[in-house]
Amino acid sequence: MPPVVEIRHVSQHAGQEVQVQGWLFNLRESGKLLFPLFRDGTGIIQGVVVKKAVAPEIFERIRNLTQESSVRVTGTVRADARAPGGIELDVSDLEVVQQIPSEQPYPITPKDHGIEFLMDHRHLWLRSSRQRAILGIRHEIIKACRDYLDDRGFTLVDTPIFTPAVCEGTTSLFEVEYFEEKAYLTQSGQLYNEANAMAVGKTYCFGPTFRAEKSKTRRHLTEFWMIEPEMAFAHLDDAMDLAEGLVASVVTRVLERRRGELAVLERNTAPLENCTTPFPRISYDEAVMILKENGSEIEWGGDFGGGDETILGEHFDRPVLVHRYPGAIKAFYMEPDACRPEVALCVDMLAPEGYGEIIGGGERISDYDLLLKRIEEAKLPRQAFEWYLDLRRYGTVPHAGFGMGIERVVAWICGLDHVRETIPFPRMLYRLTP
Ligand code: 4AD
Ligand code: MG
């Protein structure tokens, strides 16, 4: 039996007989020759079938193969500069695992389909080269984030998904009926990260988070994945340094290891090559000035809309850190600036090329009395926050961190115009299936 080889490794077997397991991607016929393209999730290889070189039933079997039928192919690997990828497979045998009947063909054909059709067939659409490229880059981004934090002494500590407490405002909460008290799906692991940081110093969590936002934009999912580092004995500047280093290293890693996927997506890599540190850092005040100069209606005190984030992101040639927003438009836990209590020691990172906010975070209130006051002002149920207040009762320290939305980063690095393609099975206001 010839060895089973993944298509990405086939070129290492020139001159040898191998077996490839996969699916028929495409089939071209030219007289006494067949040119089937096979894919196996690691690559695509062109087979060559010469009529007089194989048994007649094998030639017919291959000639009748339908798109996405599953197969085991045996053949000899031949280097050929004209072939896609520089190699071809001279097919000697093919076993059909499942032949898709032509009366019920694979629904996604090489012709153009509308986005709703593709989203309805997301479970199959994932097999396309484009989606596979996005999945590969998503994986690389996640791995790069984890490596960056692991290499700097952060401990991954998982945070719960069912929570009794609000983190990011009551308008986007998913309520869950089950527990005796009110429960929600988590909006962020941050509050638990703060407890974990007091236990291990530097921590991060990485998991799904939920927002019941009624927004239907190209940047919003109802379920998205967030990586959230948190550090004890840290201030706003430490969070900004970490955010900058993390994002720069993620971009570098994708450029190093995922050129092929970026090419499949026809991503212009020049703006990514440019994402070297330091990133510009501006205050909210400066951001408002830039926005006004560029036609925004924003007034000091207002939150940035999607359009404002786009203007700011396009104003700079790499990610920009915007710090010290008015406390009134930020979450209850933000530490006020001692020199200017009306602004919070918070930061958002906005991606270039109009991708908007990819990171939000900052320094947390460490004082018990102030935190209690903010919980009461926000009319949050104190009972649900008693454990969180304990962190300020027992050995409180300055601490800071942030959350980075993985899908926003994938959309930006891949150059996609909507986050729906950045996650295998997106959940949005009008999308629960597949
Ligand atoms: O700015 P946000 O709401 O911050 C927090 O949740 C903090 N508690 C995180 C922390 O400090 N540990 O969300 C952080 C990031 C945003 O910058 C964005 O990248 C992403 O999460 N995000 C979303 N991504 C997709 N769809 C949504 N609906 C998102 N909401 C936030
Ligand atoms: Mg935010």
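Is Cys-145 buried or exposed, and why does it count that way? I looked this up before anything else. Cys-145 counts as buried because its relative accessibility is 0%. A reminder to myself: I am working from a predicted model.

**Entry: cysteines**

I went looking for disulfides and found 0 of them in the structure. For Cys-145, the nearest cysteine sulfur belongs to Cys-205 and sits 12 Å away. A pair has to come within 2.5 Å to count as a disulfide. I then checked Cys-346, and this residue is in no disulfide either: the nearest cysteine sulfur is that of Cys-167, at 14 Å. Cys-346 also has 0% relative accessibility, so I noted this residue as buried.

**Entry: ligand 1**

Next I turned to the ligand. I see 23 residues around ligand 1, and those that come nearest are Glu-168, Gln-190, Arg-211, Glu-228 and Glu-357. Which side chains have polar atoms by a nitrogen of the ligand?

- The side chain of Gln-190 has an N or O atom 2.7 Å from a nitrogen atom of ligand 1.
- Glu-228 places a polar side-chain atom 2.7 Å from a nitrogen atom of the ligand.
- Tyr-333 has a polar side-chain atom 3.3 Å from a nitrogen atom of the ligand.

I also checked how covered the ligand is: ligand 1 exposes 630 Å² when taken alone, and the protein buries 94% of that.

Then I asked myself which elements give two or more residues to the shell around ligand 1. They are β11 (223–232), β17 (356–363) and β18 (399–405). The largest share comes from β17, with 5 residues. Sorting the shell by residue type, I get 8 nonpolar, 7 polar and 8 charged.

**Entry: helix α10**

I picked out helix α10, residues 306–315, and noted its buried residues: Asp-308, Glu-309, Thr-310, Leu-312 and Gly-313. What do they pack against? I find α9 (284–293), β13 (320–323), β16 (346–351) and β17.

**Entry: the whole protein**

Last, I stepped back to the overall picture. I count 13 helices and 18 strands in the protein. Its C-alpha atoms fill a box of roughly 85 × 50 × 40 Å along the principal axes. Of the 434 residues, 52% count as buried. The accessible surface comes to about 20,300 Å², and carbon and sulfur atoms hold 51% of that. Among contacts between residues at least 6 apart in sequence, I noted that 65% join residues at least 24 apart.

Conventions:
Residues are numbered from 1 along each chain as its sequence is written. Chains are lettered from A and ligands numbered from 1 in the order in which they are written. This is a predicted model: local features need pLDDT of at least 70, side-chain atom pairs count only at pLDDT 80 or more; totals for chains, interfaces and linings use all residues. Side-chain values use heavy atoms; hydrogens and water are left out. Buried means under 20% relative accessible area, exposed over 50%, partly exposed in between (1.4 Å probe, protein chains only). A residue is near a molecule or strand if one of its heavy atoms lies within 4 Å of it. A polar contact is a pair of N or O atoms within 3.5 Å; within protein, one must be able to donate a hydrogen and the other to accept it, and residues adjacent in sequence count only if both atoms are side-chain atoms. Accessible areas come from the Shrake-Rupley method with a 1.4 Å probe; for residues, only the protein chains shown count as cover. Helices (H or I, at least four residues) and strands (E, at least two) are DSSP runs, numbered from the N terminus. Ala, Val, Leu, Ile, Met, Phe, Trp, Tyr, Cys and Pro count as nonpolar, Asp, Glu, Lys and Arg as charged, and the others, Gly among them, as polar. Contact means heavy atoms within 4.5 Å.
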